[in-house]
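Here's a quick walk through this one, sheet by sheet and helix by helix. Have the viewer open and follow along.

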Amino acid sequence: MGFIEFNHVSKSFGRTEVIPDISLDIRQGELIVFVGPSGCGKSTLLRLLAGLEDVSSGSISINGEDVTHRQPKERNIAMVFQNYALYPHMTVEENIAFSMKLARVPKQERQKRVLQAAETLGLGELLARKPRELSGGQRQRVAMGRAIVRDPQVFLMDEPLSNLDAKLRNHMRVEIRQLQRRLGTTMIYVTHDQVEAMTMADRIVILEKGIVRQFGTPQDVYCKPANTFVADFIGSPS
Ligand code: ADP
Ligand code: MG
């Protein structure tokens, strides 16, 4: 049994069917990348898993529990978006601590977790700064800090690097990969960038129009593309 399971999940917006029927098993501790062209349903799939959208049919389970009808905050998932808005008037420390404050985590525990996250992400020196005093990469780290202090069982990232320049993006890919390994948290990472997918993933889900065209390791997908869509998209010899 998978740690995360999509069981015949479908999703329509009005009359538009975006996801016809997806079943996926994801193992605990894996870094899974959802990749595919713009509009193929990557963000929708993540939002269904996070509980930000309701499935039209099918079910989703995490760690053996059916979460299909649970509220987002009852799913123990943290999500980092592309346009991670930090609170401009708060310091780095306050930004990281804020969701714990809302969740009524006691102050001492909040401070402990902020310091741990700051150390993990190399933000120790920056805790008193405001977002405008940070570089793009540092802001991205604060956004990740906000997510990891909640100690989620699943980490979702939706194109988190798309606002960064190419050099920083390469650097942050490695950092996210290392962070995921160190924390051992199951992560689903969404991108439209094949190279990013190939370099980061334990396994890749390649999507086209809400359909899984292949689910496999980067090596599988590259060496044994299941169809011409995958071969063309990944650019593998076929
Ligand atoms: P991706 O993240 O792969 O670019 P999305 O999951 O955002 O794709 O979108 C998949 C399709 O669903 C697109 O055609 C998009 O227009 C449509 N869609 C997404 N969200 C909504 C919504 N709330 N209402 C109507 N259509 C939507
Ligand atoms: Mg998207």
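## Where the sheet ends

Ile-204 sits across from Gly-216 of β10. This is a predicted model, so keep that in mind as you click around. The strand pair in question is β9 (residues 203-208) and β10, which run antiparallel and are joined by 5 bridges.

Zoom out and you get an open sheet of 6 strands with mixed pairing, in the order β6-β7-β8-β3-β9-β10. At the edges are β6 (77-80) and β10 (211-216), each of which pairs on one side only. From one strand to the next, the twist averages 15 degrees.

## The helix on the sheet

α1 packs on this sheet and touches β3 (31-35), β6, β7 (154-158), β8 (186-191) and β9. Its direction makes about 150 degrees with that of β7.

How many of the residues of α1 are buried? The count is 7 of 9, so call the helix mostly covered. The buried ones are Lys-42, Ser-43, Leu-45, Leu-46, Leu-48, Leu-49 and Ala-50. Just after the helix, Gly-51 takes a positive phi of about 85 degrees.

## A closer look at Ala-50

Ala-50 is a residue of helix α1. Why does Ala-50 count as buried? Because it has 20 C-beta neighbours inside 10 Å, and 20 or more is what the label asks for.

If you skip the neighbours within four places in sequence, the contacts of Ala-50 are Pro-72, Arg-75, Ile-77, Met-79 and Leu-156.

## The nonpolar core

In soluble globular proteins, nonpolar side chains tend to be buried together. Here the largest nonpolar core has 62 residues, and Val-33 and Leu-156 have the most contacts inside it. Leu-156 already came up as a contact of Ala-50.

What does Val-33 contact, leaving aside its neighbours within four places in sequence? The list runs Tyr-189, Thr-191, Ala-197, Met-200, Ala-201 and Ile-204.

## Around the ligand

Now for ligand 1. The residues around it are Phe-13, Thr-16, Val-18, Gly-36, Ser-38, Gly-39, Cys-40, Gly-41, Lys-42, Ser-43 and Thr-44. Two elements give two or more residues to this shell: β2 (16-26) and α1 (42-50). The largest share comes from α1, with 3 residues.

Sorted by class, the shell has 3 nonpolar, 7 polar and 1 charged residues. Lys-42 and Ser-43 belong to the shell and are also among the buried residues of α1.

β1 (residues 4-13) runs antiparallel to β2, with 7 bridges between them. In this pair, Glu-5 stands opposite Asp-25 of β2. The hairpin has 2 residues between the strands, and Gly-14 takes a positive phi near 60 degrees there.

β1 is also joined to β4 (residues 57-62), again antiparallel, by 5 bridges. Look for Ile-4 here: its bridge partner in β4 is Ile-62.

Note on methods. Residues are numbered from 1 along each chain as its sequence is written. Chains are lettered from A and ligands numbered from 1 in the order in which they are written. This is a predicted model: local features need pLDDT of at least 70, side-chain atom pairs count only at pLDDT 80 or more; totals for chains, interfaces and linings use all residues. A residue is near a molecule or strand if its C-beta atom, placed from the backbone, lies within 6 Å of it. Helices (H or I, at least four residues) and strands (E, at least two) are DSSP runs, numbered from the N terminus. Ala, Val, Leu, Ile, Met, Phe, Trp, Tyr, Cys and Pro count as nonpolar, Asp, Glu, Lys and Arg as charged, and the others, Gly among them, as polar. A residue is buried if 20 or more other C-beta atoms lie within 10 Å of its own, exposed if 12 or fewer, and partly exposed in between; C-beta atoms are placed from the backbone. Two residues are in contact if their C-beta atoms, placed from the backbone, lie within 7 Å. Two strands pair if DSSP finds at least two bridges between them. Axes are lines fitted to C-alpha atoms, for helices over the stretch in contact, and angles run from 0 to 180 degrees between N-to-C directions. A nonpolar core is a set of buried Ala, Val, Leu, Ile, Met, Phe, Trp, Tyr and Cys residues joined through C-beta atoms within 7 Å.
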